[in-house]
Amino acid sequence: MARTLKMGKSVVFAGLALLGCVKDQNFDSLGPSCNTDWIVNATFAQVKGLYHDKTVQIQQDWVIEGHVVSSDEAGNFFGTLYFQDRPTDPTEGFKIEIDMSDSHLLFPVGGKILVRVKGLYLGKSKGVFKLGGVFTSFGSESVGRLPVSAVGEHIVVSCGGKAIIEPTVLDMEDLSENLTNTLVRLVNMEILEKELGLAFASGDRETDRTLIDCNDRRMILRNSGFSDFHSERLPEGNGSISGVLTRENDRYYLIVRNLEDIGFNGERCEELIDEFTSTSLFISELADPNNNSAARFVEFYNADRAPLSLKGWTLRRYTNANMEPSSTIDLSGLTIQAESTLVISPNALEFEAVYGFAPDLGVGTNSPADSNGDDNLELVDPFGTVIDIFGKVGEDGSGTNHEFEDGRAVRNPGIARANDTYTFSEWTIYNDSGKSGTLEQPQNAPEDFTPGRHH
């Protein structure tokens, strides 16, 4: 969506010349002629079915029909045309990348288009299908923008005029993969409170803002720094918002065409309290196996008799003697069950191969779950309070009573509450040095560890 160059009306004129004759010399009155020669003989699903794990150039002489739902008139879209299979209640959408600005003059919202797919490239980007030209990098082909000179060979306006596009009205829980690249309307939405007062986009960059409903469900509102409204302030009320629903793997985004797509005229939602603290949640095991550093993990235990949502909770790692966190894990979205554990791994595939089951959360290397045994950890609740701690922030663990290098640190049986002050007597520490009362017993995975099982 973000762009670096607006090609101007001369490019649109070249595209129009490909699509049909012009009526006069006034550019603003130009419009494409319609096409009655191409016969629709395929569906969106048939075209998508040609994809098998890598970008492919389509050889079938197929024509599909769609209705345009995007517009670059206000500059929030660029170089991509989104269209769906019918004007109301669509079953699926598609996008095609075109190297053309002001494409709304050729393909207005609601316009019926015919797309001849033979010769186009079909691929996937972050789990989403797209059509276009070809882009080659280091010998690998992917879908790129279709050159303006080729647009008329593949996309034409169908006769019959524009249709009125009715957005599919959705609640946040109704988002589904088949509606990707279609026009939707979300209801009872508002901008996240802490983002109020900000502009739609920062500078000339693509910027993500946060939409939220009254049940605290969220999705991203994606805005271009080149849009006509990028410097406008985000609206403060609550209401409906329409836009093209896009997706990257399992995460959804909404892109509006202009400010008329937003109707936030109602009162904002009442504050929903769904963040909770608890001293029954604590760190129960830390692992740095002597024989396999990729099998490290952090385990938590909830000693309460009720489940606990971890929305807003974080785990901080302080590397060596650092006073500032070197990495943080946001635990939001997770729930730890009553009297149960929750395990985080920096290498989920290796963890499962070693211990025989998948971790509750897989994160990256150099995260708080990837300590080499001389770091300090803090478990922090949604309100910024340190609930539990391992080690002493500002003190390198090497040679101390909180070193678990090549070993493990396990919370002793009988501990049922978190402690915001590191207390050595609550732990049994195994390592390769045996300093300061620890046990000089390097631990090997999997036999010396008990992830998912707190005694």
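Author: Welcome! Two strands count as paired if DSSP finds at least two bridges between them. Keep in mind that this is a predicted model.

Reader: Is strand β13 largely enclosed or open?

Author: Buried means under 20% relative accessible area. Five of the six residues of β13 are buried, so this strand is largely enclosed.

Reader: Which residue in the hairpin of β12 and β13 takes a positive phi?

Author: Strand β12 (residues 207-213) pairs with β13 in the antiparallel sense, over six bridges. In that pairing, Asp208 stands opposite Arg222. Four residues lie between the strands of the hairpin, and the one with a positive phi near 70° is Asp216.

Reader: What is the volume of the largest pocket?

Author: The pocket is lined by 23 residues, and Asp216 is among the closest to its centre, together with Leu192, Ile212, Arg218 and Lys311. The lining divides into seven nonpolar, three polar and 13 charged residues. The volume of this pocket is about 730 Å³.

Reader: Which strand residue is the bridge partner of Arg408?

Author: An open sheet of seven strands with mixed pairing has the order β24-β23-β18-β17-β27-β28-β29. Within it, β27 (residues 408-411) and β28 (residues 427-431) run antiparallel, joined by four bridges. The partner of Arg408, in β28, is Tyr430.

Key. Residues numbered from 1 in each chain as written. Predicted model: local features only at pLDDT ≥ 70, side-chain atom pairs only at ≥ 80, totals over all residues. Heavy atoms only, no water. 1 Å grid on protein atoms, 1.4 Å probe; cavity = no way out; pocket = protein on both sides within 12 Å on 5 of 7 lines; lining within 4 Å. Points joined across faces, edges and corners; volume = space filled by probe spheres on them. Nonpolar A, V, L, I, M, F, W, Y, C, P; charged D, E, K, R; others polar. Helix = DSSP H or I, 4+ residues; strand = E, 2+ residues; numbered from the N terminus. Buried < 20%, exposed > 50% of the residue type's maximum accessible area, 1.4 Å probe, protein only.
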